[in-house]
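Student: I would like to go through this model with you and ask, for each label, what value stands behind it.
Tutor: Then let us take the labels one at a time and set each value against its cut-off.

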Amino acid sequence: PEPEPEPEPEPEPEPEPEPTGPNWCQHENSFLYSYAGASFNNLEDAKEACLKNAKCTGITQEPYNSNRYTQRVGPEIHDWSPTGETSWTVCDEPEPEPEPEPEPEPEPE
């Protein structure tokens, strides 16, 4: 007997587009100087607070402080953390500019 044809799979629903926030870059063994505000016990909350805080340019996770995520002033990243901290900073990759088309030379009359 002929095998039953496979039923057509349901089309996958389109995934919701991610909200386009800034890109965050992670920096191992680094820290940023100066506290800029409250600290949080998860990275997402710290990122959200940092983006709303004019003084905050990055986040440093403190392994010696229950892995709290702290808002930092920065902006310099110091990559010699003696305590194995991890930092995140916003590193928006700008869209590459399209190459301008060269203007054609006007033909002489």
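This is a predicted model: local features need pLDDT of at least 70, side-chain atom pairs count only at pLDDT 80 or more; totals for chains, interfaces and linings use all residues.

Student: Are cysteine 50 and cysteine 56 buried or exposed, and how do you know?
Tutor: Buried means under 20% relative accessible area. Cysteine 50 has 3% and is therefore buried, and cysteine 56, with 9%, is buried as well.

Student: How many disulfides does the structure hold, and what is their pattern?
Tutor: The structure holds 2 disulfides, and with bonded cysteines counted along the chain they follow the pattern 1-4, 2-3. Besides the pair already discussed, cysteine 25 and cysteine 91 form a disulfide, with sulfur atoms 1.9 Å apart.

Student: Why is the disulfide of cysteine 25 and cysteine 91 called right-handed?
Tutor: The torsion about the S-S bond of this pair is about 85°, and the disulfide is therefore right-handed. The pair links distant parts of the chain, since cysteine 25 lies in strand 1 (residues 24–27) and cysteine 91 in the segment after strand 7 (86–90), 66 residues apart.

Student: Why is the pair of tyrosine 69 and tryptophan 88 called tilted?
Tutor: The ring centres of tyrosine 69 and tryptophan 88 are 5.7 Å apart and their planes stand at 55°, so the pair is tilted; planes count as stacked under 30 degrees and as edge-to-face over 60, and the rest are tilted. Because tyrosine 69 lies in strand 5 (residues 68–72) and tryptophan 88 in strand 7, the pair ties together parts that are 19 residues apart in sequence. At 14% relative accessibility tyrosine 69 counts as buried, and tryptophan 88 is buried with a relative accessible area of 8%.

Student: Which residues do ring pairs link into a cluster?
Tutor: The cluster consists of Phe31, Tyr33 and Trp80.

Student: How do you know that the charged end of arginine 72 sits over the ring of tyrosine 35?
Tutor: The charged end of arginine 72 is 4.4 Å from the centre of the tyrosine 35 ring, and the distance cut-off is 6 Å, joined to a limit of 35 degrees from the ring normal; the charge is listed as sitting over the ring.

Student: Which residues make up the largest nonpolar core?
Tutor: That core has 9 residues in all, among them Trp24, Leu43, Cys50, Cys56, Tyr69 and Trp88. Helix 1 (residues 43–52) gives the most to this core, with 3 residues.

Student: What makes the phi of asparagine 29 worth a remark?
Tutor: Most residues other than glycine have a negative phi. Asparagine 29 has a phi near 50°, a positive value, and is found in the loop between strand 1 and strand 2 (31–32). Asparagine 67 likewise has a positive phi, of about 55°, and lies in the loop between strand 4 (58–62) and strand 5.

Student: Where is proline 75, and what is the peptide bond from glycine 74 to it called?
Tutor: Proline 75 lies in the loop between strand 5 and strand 6 (77–78), and the peptide bond from glycine 74 to proline 75 is cis, with omega near -5°. Most peptide bonds are trans.

How values were computed: Residues are numbered from 1 along each chain as its sequence is written. Side-chain values use heavy atoms; hydrogens and water are left out. A disulfide is a pair of cysteine sulfur atoms within 2.5 Å. Helices (H or I, at least four residues) and strands (E, at least two) are DSSP runs, numbered from the N terminus. Buried means under 20% relative accessible area, exposed over 50%, partly exposed in between (1.4 Å probe, protein chains only). Rings of Phe, Tyr and Trp (its six-membered ring) pair if their centres lie within 6.5 Å; planes under 30 degrees apart count as stacked, over 60 as edge-to-face and the rest as tilted. A nonpolar core is a set of buried Ala, Val, Leu, Ile, Met, Phe, Trp, Tyr and Cys residues joined through side-chain atoms within 4.5 Å.
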